[in-house]
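User: Please take a close look at one part of this model and describe what packs around it. A single connected account will do, with the cut-offs given.

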Amino acid sequence: MTEELINKVINEEINPALADHNGFVLFAGMEGNKIIVSFHGQCSSCSSSRGRTLLQIQYYMREYFENQELIVENVEFTE
């Protein structure tokens with residue numbers, strides 16, 4: 001699981017679905033078993049992104065990388 005592969009999954013699998021809601025996520029880093037993302041666009045202000053959407057991303061990443069210990073967390077992005 002590399003940064004390049006994580007970005008590929010985010011850009012090709014996750015962001016197209018979020019684009020339907022005028023949002024997207026960016027890979028913000030990795031710490032051990034944690035993938036850290038930041039929500040942008042409409043997703044940055046949506047309460048679902050902190051709960052249901054984040055859990056769906058985590059579920060997808062766990063399936064994709066075949067790693068049930070994987071955790072996906074959100075970090076607030078400030079410009």
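Analyst: Start with Ile-14, which, leaving aside its neighbours within four places in sequence, is in contact with Val-9, Val-25, Ile-57, Tyr-60 and Met-61 (contact means heavy atoms within 4.5 Å). This is a predicted model, in which local features need pLDDT of at least 70 and side-chain atom pairs count only at pLDDT 80 or more, while totals for chains, interfaces and linings use all residues. Residues are numbered from 1 along each chain as its sequence is written, and side-chain values use heavy atoms, with hydrogens and water left out.

Ile-14 belongs to the largest nonpolar core, which has 17 residues; those touching the most other members are Ile-10, Ile-14, Val-25, Ile-35, Val-37 and Met-61. Such a core is a set of buried Ala, Val, Leu, Ile, Met, Phe, Trp, Tyr and Cys residues joined through side-chain atoms within 4.5 Å. Buried means under 20% relative accessible area, exposed over 50%, and partly exposed in between (1.4 Å probe, protein chains only). Two or more residues each come from helix 1 (3–19), strand 1 (23–31), strand 2 (34–41) and helix 3. Helices (H or I, at least four residues) and strands (E, at least two) are DSSP runs, numbered from the N terminus. Helix 1 gives the most to this core, with 5 residues.

Helix 3 (residues 52–65) buries Leu-54, Ile-57, Gln-58, Met-61 and Phe-65. Viewed down the axis of helix 3, these residues fall within an arc of 100°, so they line one face (the arc is that of the directions from the helix axis to the C-beta atoms). On the other side of helix 3, Arg-52, Leu-55 and Tyr-59 are exposed.

The strands supply Ile-35, which is found in strand 2 and counts as buried because its relative accessibility is 0%. Not counting residues up to four places away in sequence, Ile-35 touches Met-1, Ile-6, Phe-27, Gly-29, Met-61, Leu-70, Ile-71, Val-72 and Glu-73. Strand 2 has 6 of its 8 residues buried, so it is largely enclosed by the rest of the structure.

Strand 2 pairs with strand 1 in the antiparallel sense over 8 bridges (pairing requires at least two DSSP bridges), and Phe-27 stands opposite Val-37 in strand 2. Strand 2 also pairs with strand 3 (residues 71–74) in the parallel sense over 4 bridges, where Ile-35 stands opposite Val-72.

Conventions
Expected span 1.5 Å × (residues − 1).
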